[in-house]
Amino acid sequence: MRIALIGYGKMGKEIEQIARNRGHEIGLIIDQDNQKDLNADQLKDIDVAIEFTNPESAYGNYQICFEAKVPVVSGTTGWLDKMDLVKEKCNAGDGFFYASNFSLGVNLFFELNKKLTKLMAPFEEYNADMEEIHHIHKLDSPSGTAITLAEGIIDNHPKKDKWIEATSMKEDELSILAKRHGAVPGTHSVTWHSEVDEITIQHLAYSRKGFALGAVLAAEFMPKKEGFFGMKDLLNL
Ligand SMILES: NC(=O)C1=CN([C@@H]2O[C@H](COP(=O)(O)OP(=O)(O)OC[C@H]3O[C@@H](n4cnc5c(N)ncnc54)[C@H](OP(=O)(O)O)[C@@H]3O)[C@@H](O)[C@H]2O)C=CC1
Ligand SMILES: O=C(O)C1=N[C@H](C(=O)O)C[C@H](O)C1
């Protein structure tokens with residue numbers, strides 16, 4: 001498979017290594033300083049683009065790939081206000097795969113979080129809050145993964161209506177505390193507190209390898225696909 005890497009930072013480099021080890025060719029690398037090379041001509045022999053850039057650049061990059069009829073795998077977070085526009089393009093025949101977190105462990109954690117929420121929902125003495133910790137270079141907050149976890153709680157708990165990035169005492173609000181520390185690859189926890197005890201579930205990434213492998217597996221899934229896909233399609237969760 002010939003892959004275009006859009007974004008050649010921490011994730012782009014990690015993905016390159018795994019993709020080459022799995023026998024793929026990197027046909028194009030786009031970073032901040034050669035953005036103009038992302039065009040239909042350079043994309044003509046590319047099977048799939050893998051996009052990990054930043055919240056401001058992501059949507060424009062998708063549009064260029066869609067115009068060139070190249071399916072996109074993206075893990076960039078912080079651009080979700082444009083999700084409906086991307087889904088419209090997918091309904092019209094473009095191919096797009098998105099995950100707020102590509103690691104197998106986090107996707108299992110998402111399912112565990114939903115199951116735990118259903119179990120806790122009838123017990124009014126317990127209230128949930130969340131914490132995410134990432135490296136100091138992260139641009140968005142709270143993390144995309146934390147938002148997905150929060151949605152998993154809100155969809156499965158009758159009292160929670162929205163998440164907020166702060167500590168809230170309101171019953172309908174789910175608090176997310178976002179911390180930035182050193183080089184932490186990504187740690188997410190959900191805690192259910194009562195007056196007498198607490199239950200915490202946590203996912204802690206040791207490195208970016210799990211995210212990068214998931215993105216390459218998604219890229220292997222995408223060539224010639226039309227529509228909108230996510231980790232549930234890849235992992236059959
Ligand atoms: N879904 C998932 O599993 C994961 C998602 N992420 C997300 O992926 C994104 C990238 O993370 P990470 O690799 O750590 O970030 P980095 O900052 O290390 O890398 C981003 C790269 O994109 C480059 N870039 C900026 N603008 C453009 C553009 N217009 N076209 C092409 N490249 C551009 C940057 O260049 P320059 O440095 O010169 O600005 C930089 O090299 C973030 O949104 C992060 O939240 C991260 C890990 C896992
Ligand atoms: O920016 C990061 O590093 C990460 N971003 C993703 C997110 O926002 O959830 C995934 C992972 O936690 C690492």
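The shell around ligand 1 consists of eight nonpolar, 15 polar and three charged residues, where Ala, Val, Leu, Ile, Met, Phe, Trp, Tyr, Cys and Pro count as nonpolar, Asp, Glu, Lys and Arg as charged, and the others, Gly among them, as polar. The model is predicted: local features need pLDDT of at least 70, side-chain atom pairs count only at pLDDT 80 or more, and totals for chains, interfaces and linings use all residues. Residues are numbered from 1 along each chain as its sequence is written, while chains are lettered from A and ligands numbered from 1 in the order in which they are written.

Of the 26 residues around ligand 1, those that come nearest are Gly9, Met11, Gln32, Ser57 and Gly75; a residue is near a molecule or strand if its C-beta atom, placed from the backbone, lies within 6 Å of it. Helix H1 gives the most to this shell, with three residues. Ligand 2 is surrounded by Thr77, Ser100, Asn101, His134, Lys138, Ser143, Gly144, Thr145 and Gly186. This second shell holds no nonpolar residues, eight polar and one charged.

The protein chain is assigned to domain 1 (2-102 + 209-235) and domain 2 (104-204), with bounds that come from an automatic or database domain assignment. Ligand 2 lies between the two domains because both give residues to its shell. The C-alpha centres of domain 1 and domain 2 are 27 Å apart. Their contact takes 10 residues from domain 1 and 11 residues from domain 2, two residues being in contact if their C-beta atoms, placed from the backbone, lie within 7 Å. On the side of domain 1 that touches domain 2, helix H6 (209-221) and helix H7 (231-235) each supply at least two residues. That side divides into three nonpolar, seven polar and no charged residues.

An unreviewed UniProt entry annotates residues 1-102 as "domain: Dihydrodipicolinate reductase N-terminal"; such annotations may be inferred rather than shown by experiment. Over residues 1-102 the chain is 30% helix and 22% strand, and the end C-alpha atoms are 20 Å apart. Helices (H or I, at least four residues) and strands (E, at least two) are DSSP runs, numbered from the N terminus.

Six strands form an open sheet with parallel pairing in the order S2-S1-S3-S4-S5-S11, two strands being paired if DSSP finds at least two bridges between them. Its edge strands, each pairing on one side only, are S2 (25-30) and S11 (227-229). Strand S1 (residues 2-6) pairs with S2 in the parallel sense over five bridges, and isoleucine 6 has isoleucine 30 in S2 as its bridge partner. Helix H1 (residues 10-21) lies across S1, S2 and strand S3 (48-51), running at about 170 degrees to S1. Axes are lines fitted to C-alpha atoms, for helices over the stretch in contact, and angles run from 0 to 180 degrees between N-to-C directions.

A further open sheet has five strands in the order S7-S8-S6-S9-S10, with mixed pairing. Here the edge strands are S7 and S10 (198-204). Neighbouring strands of this sheet are turned by 20 degrees against each other on average, direction ignored. Helix H4 (residues 104-120) packs on the sheet and touches strand S9 (187-193) and S10, its direction making about 165 degrees with that of S10. Strands S6 (residues 127-134) and S8 (residues 173-180) pair in the parallel sense over six bridges. Within S8, serine 175 is the bridge partner of aspartate 129, and isoleucine 176 that of methionine 130. Strand S7 (residues 162-164) runs parallel to S8 and is joined to S8 by three bridges, with lysine 162 opposite glutamate 173.
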